[in-house]
Amino acid sequence: MLNEVDLSKYEKITAKTIPTEKGISSGHRACQGCVEILAMGMVMKAVGRNVIVANATGCMEIVTSPFPQTAWNVPWMHVAFENTSAVASGIEAALKIREKHGKLKGERPKVLAFGGDGATADIGLQALSGALERGHDFTYVCLDNEAYMNTGIQRSSSTPYGAMTTTSPPGSNSIGQSTWKKNVPAIAAAHNIPYVATASPGNYLDLMNKVRKAIAIDGPAYIHIYAVCPTGWGIKSEKGIELSKLAVKTNVFPLYEVIGGKYILKENKNPKPVVDYLKIQRRFRHLSETDVEYIQKRVDAEYAHLAAMASCAAPEEEENDE
């Protein structure tokens, strides 16, 4: 168990106090219905303008920075898949040195790193682990759309079991993705860092307040955000937020925090069946009833394991968050 985490600097957001300033401008080139860009916008609203961003190669880098244009209203750096956390570590270290020598005016900027599931669970995992182990004061946000979307919808280690991608196609000898989704939040928590959380854009106040907690604490923080990709998942463009809520309600993507080593689960007492989540996505349309039953058992088992580690908390009274 870690020492008590200091959240005295945490400033809660309510439906009436949502920040209006934007770290990302409208007019970016994200796909119609992209939930990942909505999630990124929510994060930036919660963080504010006093921040420096390191952004891994991926969908969000491409759609926000087509030369010679940019959608970013804050200092922003495009970095490679594999070194996002290393670059964020360098930025944070440089800011500390400048502050030490009196070369910073005002409050030291926050350091924020963005990566997709490929840049987080796969290619950048080593750098992320190193940064968390060293204790750098930054927040890492994984925007998880469960595949390498911008290069052709190839599977990643964050792609869920049974999903169809271009490199895990279903067929007579294949169910599609044959491995289970890598649990990166648990990997981050195993580094004994002060703060880890999962979040969904369908629960936007919960998401923004988790970001506020992450930037309020001293030391590394990790937030794993569910990011629906209508193009890669095969859903209607207007269904992204609905699916974001359904992932939580079916326990496919539980919402929880790990604060100072203590798991706190947002309890879901009456979960919907997983089939409700699977049936509206083209990437799962090949699954049989037996396959769905197997996935349901796995989801139930993983939620039970999480609940056993956690102290369950009733959802806070948050207007329009459901």
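I started with Trp180, which counts as partly exposed because its relative accessibility is 23%; buried would mean under 20% relative accessible area, exposed over 50%, and partly exposed is in between (1.4 Å probe, protein chains only).

A note on what I'm looking at: this is a predicted model, where local features need pLDDT of at least 70, side-chain atom pairs count only at pLDDT 80 or more, and totals for chains, interfaces and linings use all residues. Residues are numbered from 1 along each chain as its sequence is written, and side-chain values use heavy atoms, with hydrogens and water left out.

Next I looked up ring pairs. Rings of Phe, Tyr and Trp (its six-membered ring) pair if their centres lie within 6.5 Å; planes under 30 degrees apart are stacked, over 60 edge-to-face, the rest tilted. I got 11 aromatic pairs by that rule. One of them is Trp180 with Tyr294, edge-to-face at 5.6 Å centre to centre and 65° between the planes. These two are 114 residues apart: Trp180 is in the loop between strand E4 (139-144) and helix H6 (184-189), Tyr294 in helix H11 (residues 289-309). Helices (H or I, at least four residues) and strands (E, at least two) are DSSP runs, numbered from the N terminus. Tyr294 has 42% relative accessibility, so I put it down as partly exposed.

Why is the pair Tyr256 and Tyr263 stacked? Their planes are at 25° and their centres 5.8 Å apart, so it counts as stacked. Both Tyr256 and Tyr263 are buried.

I also found Trp72, Trp76 and Phe114 in one aromatic cluster.

Last, charges over rings (NZ of Lys or CZ of Arg within 6 Å of the ring centre and within 35 degrees of the ring normal). Arg283 has its charged end over the ring of Trp233, 3.8 Å from the centre. Lys213 does this with Tyr10, at 5.5 Å.
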